[in-house]
Amino acid sequence: MTFGKLGKYVALILLCAEVSPLFAKKSSELVYTEPFDLAAGGTTLTRASQEGIVFANPALLPLGAATIRWVGLETAFIVDREMAQNGSSNIKAAADTSDPNFVDGLFARSLHFGQSASLSFLNANFAISVFDRVEVDVEGSRYDNGGLPQLNLGVEAYAGVMGTTAVKPFRWLSLGMTGKYLYMGDPIIEIPVTDEARIKALTADTSALRDEIKYGKGLGADLGMLLFWQTNYVDLSLGVKIEDVSGTKLSNGQETLPQTTNAGLGLAFHGSTSVLHLSLDYRDIYDAYDEKKFKKIYLGARLMLAQVVGVAVGLYQGIPTFGVRFDALFFKFGATAYGRELGSYPGDKQRNMVTIYTSIGF
């Protein structure tokens, strides 16, 4: 899978485009979701994996008996599911700008790909994570630009540092807070396709890409709470998170990530080493992002066997998800199949992806 070629391909398109002003995050989705949590429908408010706790609900940090929850690096690659199923040759073909039909190919199918990485340390009361996530979506439209064909390109680029602290004042209550420094760019780019020769001529010059996209920076905070009832075999939990408290203002002075309130329910059945966790999350209760309800409801189930093999299924924005995970002593790896709806209604601009990820740590 030659992601370098894909990156070069997107870069050259950007150089041909008139880039729209930077827009802040347009969705109540998390800026980073751990891949196994994506497999469980993106449910994170009552249970999250590894560094996913820092982004999901800081109140999850004190749960469990481990003093050190996670120290390590996780990396993931995201690719279109159809292209992954049909092999890397399709990915190479999609990125081959020497093909005279490569622009026409973009009108036949969309492209969606990306990568993410996080380096994290978590113990029972403190955590820090440095992360980045970049996803690129390319879609051709023959009639948007005054009846002329154009390419619509969306970029989601997020990075930053998250610091979390949490306490468990009572057996049934946990409270947490996260401070964060975010660095993000989320431009929408419309590219008239009028000169294929010009596009191909720019393949050798992608250095100007850094100057084409402007990034916003901002400091923010999240608050989390977890109420839980536990027995030897059954746990019931309620998670609440206030994200971007009072709004997270970005450095461009024009954009703010609005405050959102999110709530989730969790039910777990467990023995000494295995657990089945069922969860339901409802994000953005007060509709700060003005999204349809199907984008705000997440359902998931996780089964961990002997803390070694994990299987997860769920619904993410109404789209089925599935994933597996294998945990060795210092090495973990897994795969998640999921989808996202980039449009306004179900089936509008659904993207189906596969994420392959590995972790080194303990």
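Helices (H or I, at least four residues) and strands (E, at least two) are DSSP runs, numbered from the N terminus. This is a predicted model, where local features need pLDDT of at least 70, side-chain atom pairs count only at pLDDT 80 or more, and totals for chains, interfaces and linings use all residues. Residues are numbered from 1 along each chain as its sequence is written, and side-chain values use heavy atoms, with hydrogens and water left out.

**View 1. Aspartate 244, in the loop between β9 and β10 (248-249).** Here's a residue with a phi near 55°, a positive value for something other than glycine. Most residues other than glycine have a negative phi. Aspartate 244 has a relative accessible area of 2%, so it counts as buried (buried means under 20% relative accessible area, exposed over 50%, and partly exposed in between, with a 1.4 Å probe and protein chains only).

**View 2. Aspartate 290, in the loop between β13 (275-282) and β14 (297-305).** Phi of aspartate 290 is also positive, near 55°. This aspartate is exposed, because its relative accessibility is 64%.

**View 3. A nonpolar surface patch of about 880 Å².** Its members include Leu73, Phe126, Ile128, Tyr181 and Leu219. To join a patch, residues need over 30% relative accessible area and no salt bridge; like charges are joined within 9 Å, and nonpolar side chains (Val, Leu, Ile, Met, Phe, Trp, Tyr) within 5 Å. A salt bridge is a side-chain nitrogen of Lys or Arg within 4 Å of a carboxyl oxygen of Asp or Glu. Accessible areas come from the Shrake-Rupley method with a 1.4 Å probe, and for residues only the protein chains shown count as cover.

**View 4. Leucine 119, a patch member in strand β3 (residues 111-123).** Leucine 119 has a relative accessible area of 52%, so it counts as exposed.

**View 5. The largest cavity, with about 80 Å³ of space.** Of the 13 residues lining this cavity, Val31, Met162, Lys180, Asp222 and Glu243 lie nearest its centre. β6 and β9 (234-243) each supply at least two residues of the lining. A cavity is a set of points, on a 1 Å grid over the protein atoms alone, where a 1.4 Å probe fits but cannot get out; lining residues have an atom within 4 Å of a point. Grid points are joined across faces, edges and corners, and a volume is the space filled by probe spheres set on the points.

Methods:
On a 1 Å grid over the protein atoms alone, a cavity is a set of points where a 1.4 Å probe fits but cannot get out, and a pocket is an open set with protein on both sides within 12 Å along at least five of seven lines; lining residues have an atom within 4 Å of a point.
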